[in-house]
Every structure is written in structure tokens, then in C-alpha cells.
Amino acid sequence: MAKHQFQTEVGQLLHLMTHSLYSNKEIFIRELVSNASDAIDKLNYLRLTDENLKDAYATWKGEVNISFDEADKSLTISDNGIGMNDEDLIASIGTIAKSGTKSFVEALTGDAKKDSNLIGQFGVGFYSVFMVADNIDVISKKAGSETAYKWSSNGTGEFDLVPCTKESSGTVIYIKLKDEEASEFASKYRIKNIVEKYSNHIAYPIFLNYKEEVTETLSEDDKKAGKEAAKSIEDKREKINEATALWMQAKAKLKEQEYNDFYKSISHDSTDPMLSIHTKVEGVSEYTTLFYIPKTAPMDMYRADFQPGVKLYVKRVFITDSEKELLPTYLRFVRGIIDSEDLPLNVSREILQENRVMANIKQSSVKKILSEIKKLSKDEEKYAEFIAQYIRPLKEGVYQDYTNKDAILELLRYKSTKTEAGKMTSLEAYKDRADSEQKAIYYIVGENEKVLKSSPLLESYKKNEIEVLILDDKEIDEIITPTMGAFKEWEFKDITACEPPKVEQNEEEKKEVEEKFKSIVEKIKDKLGDAVKEVKITTRLSESPSCVTKDAGDAQMAQMMQMMRAMGQEMPASAPILEINPDHEIVKKLNGCADDSTIEDVSWILLDQAKLSEGMDITDTVAFAQRLSRITAKAL
Ligand SMILES: Nc1ncnc2c1ncn2[C@@H]1O[C@H](COP(=O)(O)OP(=O)(O)OP(=O)(O)O)[C@@H](O)[C@H]1O
């Protein structure tokens with residue numbers, strides 16, 4: 001016996017599988033059938049492309065077999081797919097944990113029901129069988145190799161791996177059920193019911209094999225003669241799934257339930273999808289796509305090693321499910337399939353990326369998906385659910401996908417100074433509400449909606465009844481907004497970096513005020529030194545004494561710095577422009593103040609309080625408090 005130790009995370013995972021995740025045990029059948037189907041997909045592809053396998057598998061047809069034995073308390077799931085050799089067994093279900101295993105363990109919430117939904121999403125499906133099993137034997141032979149191997153484990157610290165014999169290639173998974181699970185899962189009706197629920201549209205037939213007691217049918221004469229009907233045990237074999245590629249069926253024939261069930265079978269998600277998009281294209285290029293948008297964003301959506309959700313087929317032959325470029329990355333939450341009639345079967349990753357047919361499918365698919373999302377946006381309630389899950393990736397699309405930028409901008413939704421709490425506006429609706437004179441879309445970016453809404457920078461906009469978008473997802477908005485350009489010719493303007501609206505002051509008046517405050521402006525700049533880039537008199541404030549802004553160059557710099565921070569680099573904040581309100585009591589009095597230490601304290605307070613009210617950090621909170629105390633003492 002060759003004993004192997006499970007890698008730590010796998011051990012941890014198995015412990016969880018056997019002790020915590022028991023609310024939705026039936027999914028182990030879905031996971032094993034899905035693995036079997038993947039293995040058949042792989043062999044189907046190889047026999048069509050690999051010269052060494054072509055002849056041997058010329059008449060081969062993929063199938064999955066399930067059998068159960070009540071007396072033995074066991075269930076067996078087998079496939080005639082690609083199979084695994086000893087190295088594959090160790091790598092896939094053994095000592096080496098895949099990247100998904102660790103993230104799965106980290107993502108667990110402790111809520112068994114939610115957690116069991118995560119199983120498939122992290123590529124740890126196989127281990128779910130330990131929720132119901134005392135012991136598992138995986139007997140597998142890889143296509144093209146001579147030796148078969150038997151992997152056995154009871155789901156504790158180790159597994160055995162030994163060579164064995166097996167006639168044909170493929171995998172047999174023998175599951176010795178726990179006593180308390182045997183009556184549930186070693187059952188014809190239960191298995192049929194689970195397969196129908198999760199695996200009905202797996203493209204290969206799934207047969208259920210079982211033994212049944214049959215009673216002989218007696219003729220009338222035999223009955224009269226008092227003959228007793230003989231009983232015998234017969235072997236039965238029944239196909240228990242549809243075994244069709246659902247996406248090839250006519251749209252008109254398919255029901256919502258069938259679309260939903262298929263989604264569940266390919267996504268490992270047990271909730272119905274938010275949207276299904278089925279498209280058949282004929283003509284110069286021929287292909288079928290079936291896309292889904294999940295109700296809840298996939299767990300790995302923000303991980304660099306996210307699993308792509310779209311599988312590529314060529315004429316019903318599975319090609320790949322690990323190609324991240326089938327759709328642009330901002331649409332990585334989309335699940336589904338692309339089936340092309342025109343691509344060659346042996347299409348490699350490199351060819352795929354440069355292939356004109358694929359580029360055309362990708363382009364049209366993106367347009368289709370975006371237009372279906374637009375249709376969804378007509379239903380405000382449903383669209384709010386979509387936005388709650390996917391606004392961030394959509395925003396990424398604005399800078400990733402220049403061709404579709406306008407279509408994506410139409411789909412975005414923002415909080416604003418004119419929307420009710422909890423509601424958002426489209427850019428179109430913003431434009432419709434605006435004054436006919438207004439030709440720009442104003443926005444402010446920060447981390448906190450409440451702080452942004454009370455920013456002094458909004459004062460002049462409120463006064464002029466100009467709506468300002470409140471962008472409170474700073475991490476992404478600060479990067480995206482400078483690339484947005486314009487929406488239907490209305491330029492986007494950051495209110496911290498643009499001129500305030502409608503200045504009701506002529507040049508002469510402006511000069512006069514500037515002259516009057518010239519010396520105090522210089523003194524403040526002198527006191528604040530490098531903490532500010534510039535100090536100036538402003539017309540944008542009515543209630544607050546001061547605010548901080550940046551110029552257009554700084555705004556671009558801020559975007560770059562935010563990107564660097566997002567990549568984990570420490571970045572210093574750049575010095576802001578301090579704008580002071582000449583109509584405010586503090587500024588007026590400061591202008592006539594002769595006491596140097598008071599000027600210094602007030603200068604810092606003007607800067608720090610402006611920063612605080614705009615949601616920024618101040619570097620020296622102790623000094624701020626001390627200055628405040630000194631000024632308060634003087635005022636009393
Ligand atoms: N019946 C099988 N035939 C061949 N290989 C298999 C079979 N079952 C499992 N494997 C191998 O074991 C690996 C691990 O399976 P597991 O179900 O844990 O995750 P996965 O299938 O990779 O991910 P997911 O469950 O998200 O599809 C598979 O990727 C595959 O390489």
C-alpha cells in the first residue's frame with residue numbers, strides 16, 4: 001500500500017465537508033456527474049485531434065453510469081472519459097491543494113447552507129462526496145496508458161494509491177455510504193430526482209443501473225392450476241437525463257425552467273440566474289451562445305485568479321473552460337457557453353486570441369449582453385439588484401472597452417444630490433433634469449456618501465440648483481472618472497478640480513476683492529508652507545469659510561496615485577489648493593488681524609477643517625485640537 005498524506009488545506013477542507021457542510025448533501029452527485037462529463041468532453045476532444053487516439057476511439061461514445069446497491073450501502077458513478085494516472089490523481093484529489101482550496105476555506109461563512117453553495121465555485125467539488133461517504137475508491141485509467149490506479153480514502157488525514165487493473169479508460173468512483181445516508185442515496189427515485197434537477201442537460205447520456213425484483217406474469221391457465229408466480233432479480237438500465245446540448249434546441253421550445261436548470265448544471269449555483277440570453281447566429285459566421293448573469297456575483301469576481309465562466313465548444317465538442325479572453329474581463333461574471341460552427345477543433349490559445357471568427361463572436365456577444373442589460377434596466381427594481389452586484393465591473397468596462405464605452409455609460413447608475421436616499425440616477429436622467437444652459441455632468445468622488453453630500457464644494461452648485469453626482473466608491477471611481485470623457489457630448493467635470501458655476505462677479509469686482517485680501521492670502525500661504533499648493537480667494541463658497549480643491553493636472557496625478565495604491569504601493573497625498581471665502585466672518589476678521597500666532601493657528605484650522613469636511617484625513621490631529629483650544633480660549 002502506498003500511503004500519502006493530504007496537504008494541510010485539503011485535510012482542513014475534508015474535515016469541514018464531513019462535519020459542517022451537511023445542509024445540501026445531494027450536490028455531491030451533481031459534482032461527480034459534472035466531473036464525469038468534463039472527463040468525457042476531454043476525451044471527445046482528444047480523439048478528434050490526437051493521431052494516437054483516433055483509431056482506438058473511432059466508435060467510442062461517451063456515457064456516465066450510476067449504480068447503487070442497497071445491501072452494500074454503496075453508490076458507484078463511472079464514466080468512460082479521459083481518466084487519470086497516478087500523477088493526476090495526486091495532483092487533482094490528493095496532496096497538492098489547488099489554488100481554489102485555500103480560498104474556499106477562507107471564504108467559508110459558517111452558514112452551512114451558504115457554504116455548500118460555494119463548493120462548486122472554488123473547484124473543490126470532488127471532496128463534497130465526503131459529506132455522505134465513509135470511504136471512497138477512485139479507480140481510474142488514463143486514455144492511452146496501460147496501467148490503472150486505485151485511490152482510496154476515508155476522508156481523514158491520508159489516502160492510498162496502488163496500481164490495479166481496469167479494462168477501458170475512464171473513472172469509477174465507488175462510494176461506501178455512511179450508514180445514516182444509505183437509505184437516502186442508495187435509492188432509485190432519489191438518484192433520478194437529483195440527476196433530473198442538476199444534470200438533465202449534460203450532453204452525454206447518464207444511465208441508472210440497478211437490480212429489481214420482478215414477478216413472473218402467469219397465464220390464466222397457470223393461475224387456475226394454482227401455480228405460484230416465480231420471482232427473480234433482473235438487471236435494469238435506464239437513461240435518466242435528456243442528454244442534449246440544451247443550447248442547440250430552438251428558443252421557442254425551451255421553457256424558463258429548462259434554462260434555469262441548465263444554468264445550475266454548469267455554474268454550481270443553486271439559485272436561478274438573474275438573466276438568460278440565448279442567441280443563434282446564422283449567415284457568414286455561424287454560432288450559438290447561451291449566457292447567464294448570476295443573481296449574486298461570483299465569489300471570485302475580484303480575485304486575479306478568477307475562474308472564467310464561459311465554456312467554448314466547437315460543433316458541440318467541448319474545447320476549453322479556462323480561457324479568460326472569450327469575453328472581456330469586465331464581463332467575467334457572465335456564465336454560459338459559446339458554440340462555434342466555424343472554428344477548427346484544434347484551436348490553440350494563441351490562435352484563439354488572434355482568430356477573426358472568435359473576435360467576431362466576442363464582439364457581437366458583448367453587444368448582445370450589453371443590450372440585454374439595457375432591457376433589464378427598464379425594470380427599476382430588478383435593475384437595482386443588478387447594479388448592486390455588478391456596478392463595479394461595469395465601471396471597469398468604461399476604460400477597458402472603448403468601442404462600447406457609450407453603451408456602458410448608459411448602464412451606469414449614480415447617487416446624486418437630487419436623488420432620494422437609496423436611489424440612483426442614470427446619466428440620461430441627469431441630463432434630462434438639467435438646465436438647458438448646462439453642458440456638463442458634475443461629480444464629486446470620495447469614500448462616504450454622507451460626507452460628500454455635505455461637502456462645502458457643493459455650496460455653489462446647490463445655490464445654482466445644479467445636480468452633482470455623488471461617487472462614493474473612491475477606489476474605482478477615482479481611476480475611472482478621468483477616463484469617462486463625455487456622455488452624449490456632456491463633459492464630465494470633477495467639482496474639486498473645475499471652476500465653480502456661474503460666477504456673479506465681474507472682473508473688476510473680482511480684482512478688487514483679490515487686492516483687498518492679497519496680503520492675508522500671502523500670509524496664510526507663508527504659514528502653511530508646503531502643506532498647500534496655493535491659497536486663493538474663492539466664489540464657490542457661501543456658508544463655509546474654506547475648501548480644498550485641486551487643479552486639472554493634480555486630478556490626473558491623483559488618478560495615477562490611486563492606481564499605484566490599488567497595486568499596493570504607498571503614495572503620499574499631493575498638496576491641495578486652499579480656497580477661502582472672503583464673505584465669511586472668519587476670513588474677514590483674519591484679514592484685519594495683526595496677531596501673528598492667531599494668523600498661524602487660524603490658517604491651519606481653515607485648512608484642516610476644509611479637509612475634514614471633504615472626508616480627507618488630517619496629518620496632525622493633536623496640533624489641530626491644540627489650535628482649536630487656543631482660539632476658543634481667545635474668543636471667550
Ligand atoms: N471523473 C473524472 N475523470 C477525470 N478527472 C477527474 C474526474 N473527477 C475529477 N477529476 C479531476 O480532478 C480535479 C478536481 O475535481 P474537483 O471536482 O474537485 O474540481 P474541478 O472539477 O476542477 O472544479 P469544478 O468542480 O469547479 O468543476 C478535476 O479538475 C479533474 O482534473
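Helices α22 and α23 sit oblique to each other, therefore neither roughly parallel nor roughly perpendicular. For that wording, angles under 35 degrees count as roughly parallel, over 145 as roughly antiparallel, 65 to 115 as roughly perpendicular, and the rest as oblique. What you're looking at is a predicted model, where local features need pLDDT of at least 70 and side-chain atom pairs count only at pLDDT 80 or more, while totals for chains, interfaces and linings use all residues. Residues are numbered from 1 along each chain as its sequence is written. Helices (H or I, at least four residues) and strands (E, at least two) are DSSP runs, numbered from the N terminus.

**The α22/α23 pair**

- The axes of α22 (residues 596-613) and α23 (residues 621-635) come within 10 Å and cross at roughly 125 degrees. Axes here are lines fitted to C-alpha atoms, for helices over the stretch in contact, and angles run from 0 to 180 degrees between N-to-C directions.
- The crossing of α22 past α23 is left-handed. That label applies if the near helix is turned anticlockwise from the far one by less than a right angle, and right-handed applies if it's clockwise.
- On the α22 side you'll find Thr598, Asp601, Val602, Trp604, Ile605 and Asp608, and they meet Phe624, Arg627, Leu628, Arg630, Ile631 and Lys634 in α23. Two residues are in contact if their C-beta atoms, placed from the backbone, lie within 7 Å.
- Sorted by class, this contact has six nonpolar, one polar and five charged residues. Ala, Val, Leu, Ile, Met, Phe, Trp, Tyr, Cys and Pro count as nonpolar, Asp, Glu, Lys and Arg as charged, and the others, Gly among them, as polar.

**Domains**

- The protein is split into domain 1 (2-216 + 232-239), domain 2 (246-376), domain 3 (414-504) and domain 4 (513-550 + 569-635). Those bounds come from an automatic or database domain assignment.
- Between domain 3 and domain 4, the C-alpha centres are 25 Å apart. Their contact takes 16 residues from domain 3 and 13 residues from domain 4.
- On the side of domain 3 that touches domain 4, α16 (449-453) and α17 (459-463) each supply at least two residues. The largest share, three residues, comes from α17.
- That side of domain 3 has seven nonpolar, six polar and three charged residues.

- Nine strands make an open sheet with mixed pairing, in the order β1-β6-β5-β4-β7-β3-β2-β8-β9. Two strands pair if DSSP finds at least two bridges between them.
- β1 (3-5) and β9 (231-239) are the edge strands, each pairing on one side only. From one strand to the next, the twist averages 20 degrees.
- β2 (residues 64-69) and β8 (residues 206-215) run parallel and are joined by four bridges. Serine 67 has asparagine 209 in β8 as its bridge partner.
- α2 lies across β2, β3 (74-79), β7 (170-177) and β8, at about 20 degrees to β3. α8 lies across β2 and β8, at about 155 degrees to β8.
- These two helices also meet: the axes of α2 (residues 27-49) and α8 (residues 188-199) come within 9 Å and cross at roughly 60 degrees. That makes α2 oblique to α8, and the crossing is right-handed.
- Ile29, Arg30 and Val33 of α2 meet Ile191, Ile194, Val195, Tyr198 and Ser199 of α8. The contact divides into six nonpolar, one polar and one charged residue.

**The five-stranded sheet**

- Another open sheet has five strands in the order β10-β11-β14-β12-β13, again with mixed pairing.
- β10 (275-281) and β13 (317-320) are at the edges with a single partner strand each, so one side of each has no neighbour in the sheet.
- β12 (residues 310-314) and β13 pair in the antiparallel sense over three bridges, and leucine 312 stands opposite threonine 320 in β13.
- Helix α10 (residues 256-267) packs on this sheet and touches β10, β11 (287-293) and β14 (335-340), with its direction at about 95 degrees to that of β14.

**The α13/α18 pair**

- α13 (residues 380-400) and α18 (residues 474-484) pack at about 35 degrees with their axes 9 Å apart, in a left-handed crossing.
- Arg392, Lys395, Val398 and Tyr399 of α13 make the contact with Ile476, Ile480, Thr483 and Met484 of α18.
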